[in-house]
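Visitor: I am new to this structure and would like to learn how to read a few of its features. Please take them one by one.

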Amino acid sequence: MRKNYIVFALLILLAYIAIGARLFYLQVIKGDKYYEESKQNYTRLQILYPPRGAIESSDGKKLAYDVPTYDLYIDPQEISENRDLSKEIKKFKNMFGIDITNIIKVNKNSITPIKIMDNLSTQQLETFYANSYKFPGIFVGIVPKRVYPYGDEYAHILGYVGLPSQKDLKEYKIGPQSLVGKAGIEKRFNKYLIGELGYKKIMVNALGKELYTIDKKLPVQGDTVVLTINSRIQDIVHKVFLSSGQKVGAVIVMNAHNGEILALDSFPEYNPNDVYKDWDKIINNPLRPFLNRATEAIYPPGSVFKVPIAIAALKYGVITPSSTLDCSGYIKVGNHIFYNWIRYDTGYQTIDQAIQNSCDTFFYQLGMKLGQRKIYQIEKDFGYGSSIPFELYNSPGFLPTKSWKLRKFHQPWYEGDTVNMSIGQGYVLVTLLQQVTMMEGIANNGVIYQPTLLKEIKTADGKIVFENHRKVYKYVRAPLEDYSIVKKGLREVVLKGTGTNAFSTIVDIAGKTGTAQVVFGKHVGPNSPWKYQPDAWFVGFAPYRDPKYVVGVIVEHGIEGNLTAAPIVKRILEQIYIKGINREIN
């Protein structure tokens, strides 16, 4: 037993001597060598950016998507060691023509990789890889870039993206090179589109060469947002408005059966691919290309505003379908004279005839019989005076009240104010979206579906995470006979009234023209400056007997609704039918 104990003790002693000798060898004899090598190897954390989710049209066209771009970064550990980088900087400048001295100086205290060159071309990328050993600590990072293949055509729907603010970084838990939505659908659905960051923790040597991966998490691509927009109808709208020669305006095409927006465009446009390159040019353009005139801009509604008043007059028994009022050249209210747009008496007319001819004096009389409160209420019922639940920001417009006028001007509400309001002039302001939504209610006998741009949201591999369904936004109760009479008048507008330029032999169109003054106290004629000309409206639906589409057009300073807006609506609807798109949409 004693002999075995001595052998065991000797073995332990030899093991300790071997370990001690090895430690002495590593720490003393080879200590300097391994110390220098340890300084040359270090870990680097790379952020792996996910592709932003795509945005698609309802018919499968990709309207926005990401492509990879290659950027060059320098590891901040290279700077913190305070070694002389002048040689590398000089080599870099000779090779790529860029002096990175100031970039490094400004970001010397950064704890994340510093971008020194972005969007490398294939040739630049090959040059770097062939010479990467000359640039310790400089490496390639892959960052997604947003692409809008249709340029300006969808600008006011999609919006654009940009680098994140400090608030964005906290809210979305993203990296400094992540792209976030700044406007439009890109902004509205940013939380779905943005995806999840990944990372890669690697060991690199003194030349910046990757030795091995310590840890890795793959990024998760953002969800795909599918819109209700039909790319073929959007293309028609885009081309028809541009070919009209008009400078400024907007168009909306809505599916009357469910409120889906099939096309939306605002003019002038901008190209979201070049928004930052063209920033100064865009914001200094007096026509304000960033303004979405379909949803944000507000205008006097003109005679389109008469349509709900006609429903109210019938509903409240102010007039019957067969009774008449004189369509005189003017009426006098107190000491003021209010003219008809035709300055002579055209005789007694029924309400559908007054809609057909857009008789101002007829609607002055209806307005005075209804009174301000009922006018306000019927217009509110049809969606005016409030922001509409919608994916894009939209202005509430403005419906005046007696109390508002007293607060604003310290004046009572006069009967003349009611007269002006009854034809969509005075203080009333509306958006194109509101005009189209109202006309949808007329087409559907009082049912207004909530307008929407969203069809569904799905993951990158096609799993649906949200599916939109039609929702009733408002229901304006009135006898079906009343709606029938008003719709008859709207059809007569196109057949023989103020909107004959919307008449088509291809599809039966009904609708209402509007011509809204934008300046008062000035004589405005055909030769007056463009900015003084009235705004032109046409808002209608088709086919007349079974409405499927609601189309609205606003042309800023378009002179007169029938002259400029009505032909645009006609050409859009005709192209939808000529190309057979009507058979593809329920």
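Guide: Helices (H or I, at least four residues) and strands (E, at least two) are DSSP runs, numbered from the N terminus. This is a predicted model, in which local features need pLDDT of at least 70, side-chain atom pairs count only at pLDDT 80 or more, and totals for chains, interfaces and linings use all residues. Residues are numbered from 1 along each chain as its sequence is written, and side-chain values use heavy atoms, with hydrogens and water left out.

Visitor: Where is T513 found, and is T513 buried or exposed?

Guide: Buried means under 20% relative accessible area, exposed over 50%, and partly exposed in between (1.4 Å probe, protein chains only). T513 sits in strand 21 (residues 510–516) and counts as buried because its relative accessibility is 4%. Contact means heavy atoms within 4.5 Å. Leaving aside residues up to four places away in sequence, T513 touches several residues, including V304, W537 and F538.

Visitor: Which side chain makes a polar contact with that of T513?

Guide: A polar contact is a pair of N or O atoms within 3.5 Å; within protein, one must be able to donate a hydrogen and the other to accept it, and residues adjacent in sequence count only if both atoms are side-chain atoms. The side chain of T498 makes such a contact with T513, at 2.8 Å.

Visitor: Which residues of helix 6 are buried?

Guide: In helix 6 (residues 122–131) they are L125, F128 and N131. They lie on the same side of helix 6, because they cover an arc of only 145° around the axis; the arc is that of the directions from the helix axis to the C-beta atoms. On the other side of helix 6, T122, Q123, E126, Y129 and A130 are exposed. The cover over the buried residues includes strand 3 (62–74), helix 4 (86–96) and strand 5 (138–147).

Visitor: What is there to note about backbone geometry?

Guide: Most residues other than glycine have a negative phi, and most peptide bonds are trans. Here N119 has a positive phi, near 55°. N119 lies in the loop between strand 4 (114–117) and helix 6, and is partly exposed, with a relative accessible area of 45%. R288, also not a glycine, has a positive phi of about 50°; R288 is in the loop between helix 12 and helix 13.

Visitor: Which peptide bonds are cis?

Guide: The bond from F267 to P268 is one of them, with omega near 0°. Another joins A542 and P543, with omega about -10°.
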